[in-house]
Amino acid sequence: MNLMANLIPAAAEIFLLAMVCFILIADLMLTKSSKIFTYLLVQLTLLGCSIITVGTHENTVVYAFNGMYVDDLMSDVLKMLSYLGMSMVLVYSRQYLMLRGLFTGEFMVLALFALLGMNVMISANHFLTLYLGLELLSLSLYAMVALQRDSAIATEAAMKYFVLGALASGLLLYGMSMLYGATGTLELGAISNAIANGVQNKSLLAFGLVFILSGLAFKLGVVPFHMWVPDVYHGAPTAMTMLIGSVPKLAAFAFATRILVEGLQSLEHDWSSMLIILAIASMAIGNLSAIAQTNLKRMFAYSTITHMGFMLLGLISGGIEGYGSAMFYTVIYMMMSLGAFGMIMLLSRAGFEADTLNDFKGLNQRSPWLAFMMMLLMLSMAGIPPTVGFYAKFSVLNSIIQTGHTWLAIVAVMFSLIGAFYYLRVIKLMYFDAPESHAPINVGSDTGLLISMNGLGVLFLGLMPGSLMSICAVSVQQSLLLH
Amino acid sequence: MIFGLPVISVTIWLPILFGILVLATGDDKNAPLARLLALVGSVLGCLVTIPLYTGFDISTSNMQFVELHDWITRFNIHYHLGVDGISMLFILLNSFFTVIVVLAGWKVIEKRVAMYMAAFLVMSGIVNGVFAALDSILFYVFWEAMLIPMFIIIGIWGGPNRIYATMKFFLYTLLGSLLMLVALIYLYNLSGGSFAILDFHHLAIPMTAQILIFIAFFFAFAVKVPMFPVHTWLPDAHVEAPTGGSVVLAAIMLKVGAYGFLRFSMPITPDASHKLAGVMIALSLIAIVYIGLVALMQSDMKKLVAYSSISHMGFVTLGLFIFNAYGMEGALLQMLSHGFVAGALFLCIGVLYDRVHSRQIADYGGVVNKMPVFAAFFMLFAMANSGLPGTSAFVGEFMVIMGTIKVNFWYAFAAATTLIFGAAYTLWMYKRVIFGSVTNHHVEELTDINAREILIMTILAVFVLAMGIYPLPVSEILHASVNDLLLHVAHSKLPI
């Protein structure tokens with residue numbers, strides 16, 4: 001295989017890396033007041049990446065670098081969504097960061113590095129590549145959380161995130177080394193074949209699986225490896241929380257499915273029973289703890305835990321339905337969480353964070369349109385039709401029931417019922433209570449447009465969810481099940 | 001077809017469209033415009049249902065005015081609408097009551113008028129969707145979406161304890177709905193990939209599964225009916241809701257629960273329905289007798305009518321689960337009649353509340369001296385609520401009792417006590433509120449109902465009397481559908 005054939009599947013990532021380096025240097029030349037150019041350059045980079053991703057798309061699964069890298073439909077779809085997500089994060093956070101003096105080249109460069117890490121994860125077909133991508137993502141995020149140096153709470157969050165994240169990476173690496181010991185390879189496809197042909201040292205394999213699952217659970221933030229999530233979400237500046245809580249979930253989904261489905265499919269029986277426990281525990285603890293929160297960011301942190309638990313149900317049920325629904329769920333979750341955190345930032349002013357429940361009191365009287373958008377987002381998170389959150393839950397439930405785990409579906413809906421309470425509480429505060437502050441809400445035209453598109457998108461996809469569902473199912477089918 | 005558009009879709013989307021328009025009028029500066037638009041929307045919404053009535057073929061039980069389009073092809077979900085004799089009448093009822101509600105809130109609602117009117121218009125469209133949906137997921141979407149406007153209506157314009165009431169209302173109903181969703185997905189997989197309700201009617205389902213499905217549906221529908229013991233949200237929601245909200249709750253919301261039993265539980269799981277009929281009848285009788293006694297003890301007029309609604313809905317579920325034509329047709333007539341009567345009673349209470357701002361019976365007395373016209377209308381509706389022959393309520397109750405007596409004398413005996421209790425609590429309330437001498441200065445200052453209120457009351461009174469004296473035009477629409485349903489229910493769905 002010649003060099004070009006290897007480079008083409010990774011062309012978007014290579015372009016991204018080149019642009020990050022260029023932006024890093026170009027940013028040095030710009031004065032503090034002209035950071036907007038960096039911002040525009042970053043957005044252009046994202047546009048360029050998406051053009052390249054579409055341009056290099058092939059209808060088959062293409063492997064590169066001796067099977068370390070893969071370019072398939074699922075990776076392309078997820079990458080396109082990650083560009084979109086990242087671009088939305090930047091638009092939402094521009095004003096917020098400017099008011100806090102954090103709108104710097106470092107932020108944008110780190111964000112792009114994180115994106116690069118995610119895309120490497122999405123396209124990885126080898127444990128080393130996966131790990132490389134994961135670390136690039138994680139290190140960028142650690143640094144971003146700590147970007148607000150003078151904030152004690154942010155520094156604490158960064159420290160916690162870093163220490164626990166490093167621990168998780170350690171677990172993951174240890175698990176990988178065990179799998180290597182058991183199968184003699186790190187390439188996902190080869191591991192799958194090796195296990196299918198029978199492995200001598202079964203206990204090594206089992207231990208490896210447990211360690212890998214623990215590391216994975218850590219990165220996904222599911223119970224009992226969820227402790228870092230609320231603290232980091234709460235402590236980090238909201239723009240960083242938004243980044244952590246949205247786009248990386250796509251990479252985490254790819255990461256989980258590549259390892260579990262492509263690599264360890266033959267152990268499905270073992271890992272799915274472990275995932276059932278993780279999923280139920282996440283839905284239980286996530287939902288119950290979320291009720292007790294008064295800080296919205298913490299509440300969303302627990303709600304993330306719940307949503308990831310729900311997404312795992314899709315992985316548990318397996319098949320096109322299962323993996324497709326998990327992917328759909330992840331994509332929808334990203335959209336909803338972008339909107340929700342975006343709303344917190346819209347309501348925040350210089351020196352004021354609108355991140356407690358009370359800050360949303362009477363929003364309907366201050367700005368009916370924003371309240372309506374937030375209501376759509378909350379209903380979607382609660383899974384109430386006609387918003388798209390319903391179809392995310394619906395497709396996952398369908399896949400579980402199809403595999404005969406009807407009891408699991410009942411458990412899941414009962415926890416959704418508990419979850420509905422705290423989302424409704426937000427609506428209640430916005431619509432039924434009197435506002436605590438009458439400070440005018442300054443919404444930039446770009447963020448205003450974006451939040452409207454985000455909220456109405458949730459509604460529109462709720463009326464017409466078919467095509468996105470099909471895209472997810474088709475890409476999962478092509479990438480995970482047919483090779 | 002209306003102007004080339006399919007009728008049912010128009011009845012669903014026209015009110016929703018007007019709701020959005022009303023909402024767009026913005027804040028209370030434009031309140032007159034919002035009111036006017038809402039009235040136009042609701043009247044148009046009511047007019048477009050007329051073709052459903054005039055074009056309806058009473059000789060068949062097949063679905064009519066069917067619309068079938070692909071919606072989510074991946075799960076074989078369709079935009080599938082149609083009506084039979086049962087659902088058509090409820091669409092008429094619902095669209096009609098939307099006009100009443102808009103008129104009833106004309107003067108009373110002063111804050112956030114546009115939102116109030118829009119919520120009712122949107123809900124009207126959604127409820128029409130519930131009654132017309134023939135695809136279970138489409139049904140589910142409408143069913144859940146219905147909660148959102150109601151949640152907001154009770155939460156914003158309700159009484160002092162409105163937050164508690166609206167949360168309870170939402171979460172109670174969501175509990176049932178989610179279990180129903182699981183059941184629907186289970187049926188989808190059993191049927192080999194169809195969400196069409198009519199396909200579910202022909203499925204062979206083993207007994208255990210039938211019972212579980214029945215229970216899941218039971219939670220969804222019993223909460224909405226509401227049946228004893230999941231009725232406790234209703235008095236709270238009613239008391240706290242604004243008048244329009246109470247009217248819609250009583251006239252429409254309670255009907256979707258019973259409609260669900262008819263459309264889902266009974267034809268899909270007939271064996272389980274027969275097996276659990278004893279439980280259903282027992283719960284219905286408890287509702288009739290016990291809740292009737294509870295109503296007797298209420299000091300709050302709205303709560304009294306709320307409990308009376310639960311008691312009357314007990315008649316409906318009783319009529320459904322005795323599985324004969326009298327019972328079922330009686331139950332349906334009772335549902336329609338209860339819509340008019342309870343709706344009218346809530347409007348009457350609203351009339352008093354708007355003037356005195358109290359719902360306590362003790363705060364009134366001698367109202368007849370100041371409001372003779374009102375007292376006459378109130379009299380008629382109170383009599384109807386106690387089941388006086390010649391009013392619509394009598395027809396339904398009489399038929400249900402007739403049907404029940406064929407099954408078991410003592411069931412019928414217990415059910416018939418409602419004629420006594422119903423008369424007792426309604427007329428006793430009426431006596432305390434209306435008759436006697438004027439008790440306090442609030443009553444002294446009362447003014448009689450105005451032309452707008454007289455118009456509303458007259459329309460309702462005409463319906464109550466017409467259905468009581470000559471119910472044939474309504475019951476003949478029901479015949480074919482009821483007979484078909486009974487055939488379905490009589491036919492075992494166990495796999496052979």
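Predicted model: local features only at pLDDT ≥ 70, side-chain atom pairs only at ≥ 80, totals over all residues.
**Figure 1. Overall dimensions of chain A.** The C-alpha trace of chain A spans about 70 × 60 × 40 Å along its principal axes. Its secondary structure comes to 21 helices and two strands. Helices (H or I, at least four residues) and strands (E, at least two) are DSSP runs, numbered from the N terminus. In chain A, 59% of the 483 residues count as buried. Buried means that 20 or more other C-beta atoms lie within 10 Å of the residue's own; exposed means 12 or fewer, and partly exposed lies in between, with C-beta atoms placed from the backbone. Of the contacts in chain A with a separation of 6 or more, 79% join residues 24 or more positions apart. A contact requires C-beta atoms, placed from the backbone, within 7 Å.

Residues are numbered from 1 along each chain as its sequence is written, and chains are lettered from A and ligands numbered from 1 in the order in which they are written. Local features need pLDDT of at least 70 and side-chain atom pairs count only at pLDDT 80 or more, while totals for chains, interfaces and linings use all residues.

**Figure 2. Overall dimensions of chain B.** Chain B has 23 helices and two strands. Its radius of gyration is 22 Å, close to the 23 Å from the globule rule for 496 residues, so chain B is as compact as a globular protein of that length. Its C-alpha atoms fill a box of roughly 75 × 55 × 40 Å along the principal axes. Buried residues make up 61% of the 496 residues in chain B.

**Figure 3. The side of chain B that touches chain A.** Here 25 residues of chain B are in contact with 25 residues of chain A. Strand S1 (64-72), helix H6 (136-145), helix H7 (147-157) and helix H8 (162-190) of chain B each supply at least two residues of this side. H8(B) gives the most, with 13 residues. By class, this side of chain B has 20 nonpolar, three polar and two charged residues. Ala, Val, Leu, Ile, Met, Phe, Trp, Tyr, Cys and Pro count as nonpolar, Asp, Glu, Lys and Arg as charged, and the others, Gly among them, as polar.

Figure 4. S1(B) pairs with strand S2 (residues 77-83) of chain B in the antiparallel sense, over six bridges. Pairing requires at least two DSSP bridges between the strands. Glu67(B) stands opposite Leu81(B) in S2(B). Four residues lie between the two strands of the hairpin, and Asn76(B) in the turn has a positive phi of about 60 degrees.

**Figure 5. Helix H22 of chain B.** H22(B) covers residues 451-469. Its buried residues include Glu453(B), Ile456(B), Leu460(B) and Phe463(B). Seen down the axis of H22(B), the buried residues fall within an arc of 130 degrees, so they line one face of the helix. The arc is that of the directions from the helix axis to the C-beta atoms. The face turned away carries the exposed residues Ala451(B), Thr458(B), Val462(B) and Ile469(B).

**Figure 6. Surroundings of Val99(B).** Val99(B) lies in helix H4 of chain B. Val99(B) is buried, with 21 other C-beta atoms within 10 Å. Not counting residues up to four places away in sequence, Val99(B) touches Ser42(B), Val43(B) and Cys46(B).

Notes
Contact = placed C-beta atoms within 7 Å. Expected span 1.5 Å × (residues − 1). Rg over C-alpha atoms; globule rule 2.2 N^0.38 Å.
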